[in-house]
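Subject: Handing over a structure

Hello,

I am passing this structure on to you. Please open it first, then read my notes below.

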Amino acid sequence: MEVALSMGDSFVATGLTIEDNLLSRAVKATKGYAYLVQLVGYSIWQRANLHRAKSAIVSERDVAEGIALAEARFHDVVHEPAISGLGHNDIKYLLAMCEDNQQFKSAEIAKRMGKKTNEVSSIRAKLHKERLFRRHREATCSLPCRT
């Protein structure tokens, strides 16, 4: 609800009008990610701004193209860097994990991968460790840190 109000107000503030159903579609495309809210809103605004002189109404095409542009950008700057350094087993683990729409169990993931549960657990631990070290390396702090 807050995302819809904020995004809708942003369009109105810049002189554009967006129908409720198109606004709902844009909000749904953000999946609750703050960065996607920015990308989707900006991308739709950018498309609509191209025809502002003729019409200040955000079209269905503006929304569809804006969402597509935002999702492509999100993939390039979020997903791609996150998986680019992963090995084959790491990718297999993530793909097996993605088959669940709920909390996953290591035994089920292992079965999908054709591995033992302890092998899958070590892959999972490695992924968590790499993510933590990546965050640590990128962080700046005034305290001495050990790696």
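What follows is a short account of what was found, starting with the whole chain and ending with side-chain pairs.

This is a predicted model, so to speak of local features we ask for pLDDT of at least 70, side-chain atom pairs count only at pLDDT 80 or more, and totals for chains, interfaces and linings use all residues. Residues are numbered from 1 along each chain as its sequence is written, and side-chain values use heavy atoms, with hydrogens and water left out.

The whole chain

The protein chain has seven helices and zero strands. Along the sequence the pattern reads α-α-α-α-α-α-α. Helices (H or I, at least four residues) and strands (E, at least two) are DSSP runs, numbered from the N terminus. Of the 147 residues in the chain, 25% are buried. Buried means under 20% relative accessible area, exposed means over 50%, and partly exposed lies in between (1.4 Å probe, protein chains only). The accessible surface of the chain is about 10500 Å². Carbon and sulfur atoms hold 55% of that surface. Accessible areas come from the Shrake-Rupley method with a 1.4 Å probe; for residues, only the protein chains shown count as cover. Take the contacts with a separation of 6 or more: residues 24 or more positions apart account for 50% of them. Contact means heavy atoms within 4.5 Å.

Helix 2 covers residues 20-29. Its buried residues are L22, L23, A26, V27 and A29. Seen down the helix axis, they fall within an arc of 160°, so they line one face of helix 2. The arc is that of the directions from the helix axis to the C-beta atoms. D20 and K28, on the other side of helix 2, are exposed. What do the buried residues of helix 2 pack against? Their partners are helix 1 (2-13), helix 3 (34-49) and helix 4 (60-83).

T30 sits in the loop between helix 2 and helix 3. T30 is buried, at a relative accessible area of 1%. Setting aside neighbours within four places in sequence, T30 is in contact with V3, M7, L36, V37 and V40. Also just after helix 2, K31 takes a positive phi of about 50°.

Aromatic rings

There are three aromatic pairs. Rings of Phe, Tyr and Trp (its six-membered ring) pair if their centres lie within 6.5 Å; planes under 30 degrees apart count as stacked, over 60 as edge-to-face and the rest as tilted. One of the pairs is Y35 with F74, which is tilted: 6.1 Å centre to centre, with 40° between the planes. F74 is buried, at 9% relative accessibility. Y35 is partly exposed, at 32% relative accessible area. Ring pairs link Y33, Y35 and F74 into a cluster.

Together with V77 and V78, Y35 forms a nonpolar patch on the surface, with about 200 Å² of accessible area in all. Patches are made of residues with over 30% relative accessible area and no salt bridge; like charges are joined within 9 Å, nonpolar side chains (Val, Leu, Ile, Met, Phe, Trp, Tyr) within 5 Å.

Salt bridges

How many salt bridges does the structure hold? It holds four. A salt bridge is a side-chain nitrogen of Lys or Arg within 4 Å of a carboxyl oxygen of Asp or Glu.

One of them joins E60 and R25 (3.8 Å, N to O). This pair links distant parts of the chain: E60 in helix 4 and R25 in helix 2, 35 residues apart. E60 is exposed, at 54%, and R25 is partly exposed, at 34%.

R47 and E65 meet in another salt bridge (2.8 Å, N to O). R47 lies in helix 3 and E65 in helix 4, 18 residues apart. R47 is partly exposed, at 26%. E65 is partly exposed too, at 24%.

E65 also meets R61 in a salt bridge (2.7 Å, N to O). R61 and E65 are separated by about one helical turn, because they are four residues apart in helix 4. R61 is exposed, at 60%.

Best wishes
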